[in-house]
Amino acid sequence: MTDEPAGAAYRIEDLAHRSGATVRTIRAYQDRGLLPRPERRGRSNVYADTHLARLRQIADLLDRGYTLASIKELLEAWDAGRGLGGVLGLVAEVDGPWTDEEAVRISRTELDERFGGHPEDAAVAEAIELGVLERIPGQEDTFLVPSPQELAVAAELYGAGVPLSAISGHLRELRGQVEHIAARFLEFTAEHVFVRYLGERPPTDTDATEAAALVRRLRPLARQTVDAELARAMQLFAHRRLRRHLGVEKPRAHTEETRTVAVPAATMTAVEGLVGAERASEFIALAAEREVRARALDALAACPPPTTEVDEPP
């Protein structure tokens with residue numbers, strides 16, 4: 001919708017002023033086929049409301065993260081009568097909040113009180129880096145808290161005696177593991193569910209609308225699955241640790257200690273394609289062990305052999 005009267009005519013400078021785009025940008029869009037050519041009237045180029053509406057569509061899609069190449073495909077679909085309503089609805093569904101939490105504000109004084117009453121500038125800076133806190137322009141002593149639950153957990157852990165540095169380190173490690181889970185879930189659903197809607201070609205309006213409805217249905221499933229599995233694992237390991245602490249159960253002999261590390265999703269996908277998902281961890285462990293042994297051999301080979309001194313006869 002535009003607020004200009006029907007049949008309005010604009011010079012390129014007027015169009016730039018009304019749309020917020022520069023004259024150079026408008027001409028670049030014309031060269032790329034994103035914007036129709038203007039009507040020639042005498043010696044002047046004249047633009048219409050359709051050009052203004054198209055510029056606003058392009059600006060909206062750029063704000064949503066689309067590239068100019070993908071915008072061109074979407075606009076061509078629009079011009080072919082396939083519609084953009086479903087596509088924009090899908091984008092809005094994906095870009096919308098994936099949690100019921102609402103961000104809150106917290107003052108620096110309140111923040112210090114929740115974490116022992118002592119200013120911790122380094123901890124605040126790290127929280128900002130991790131996105132636990134966000135600065136508010138023009139308000140140096142007030143922060144935005146995107147996830148109040150996450151901040152509340154950190155405060156409870158600190159109150160229980162966990163140092164702030166340990167909490168930050170734990171969050172970094174946990175975030176890497178959760179991002180891997182999220183990437184795998186998206187790959188799984190894309191392969192088995194969304195492939196029929198979001199193929200190589202731009203989706204039709206109907207396809208995009210159906211895909212948006214699926215996003216609404218499937219969005220909570222990953223969190224529900226993780227919640228259930230985390231509860232199961234926490235019960236298992238907490239029970240095992242308590243039994244060992246009370247001396248009821250002895251640690252198993254010959255059990256190697258393990259550590260969890262974050263592996264890029266692309267690397268895991270490549271490894272699983274080679275050896276299968278069930279043997280991926282074994283493959284990575286053996287590959288790492290082989291690299292460690294190879295480096296140890298290289299280090300040994302680089303050391304010169306010891307020389308043996310022989311006494312010369314008199």
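A residue is called buried when its relative accessible area is under 20% and exposed when that area is over 50%, with partly exposed in between (1.4 Å probe, protein chains only). Helices (H or I, at least four residues) and strands (E, at least two) are DSSP runs numbered from the N terminus. This is a predicted model, in which local features need pLDDT of at least 70 and side-chain atom pairs count only at pLDDT 80 or more, while totals for chains, interfaces and linings use all residues. Residues are numbered from 1 along each chain as its sequence is written, and side-chain values use heavy atoms, with hydrogens and water left out.

In helix α7 (residues 121–130), the buried residues are V124, A127 and L130. Viewed down the axis of α7, these fall within an arc of 125°, so they line one face of the helix; the arc is taken from the directions from the helix axis to the C-beta atoms. They pack against α6 (108–114), β5 (139–145) and α9 (164–192), where contact means heavy atoms within 4.5 Å. D121, A122 and E129 are exposed on the other side of α7. After α7 comes G131, with a positive phi near 85°.

Helix α2 (residues 23–31) contains Q30, which is buried at a relative accessible area of 8%. Leaving aside residues up to four places away in sequence, Q30 touches L35, P36, R37, P38 and Y47.

The chain as a whole has twelve helices and five strands, and 23% of its 314 residues count as buried.
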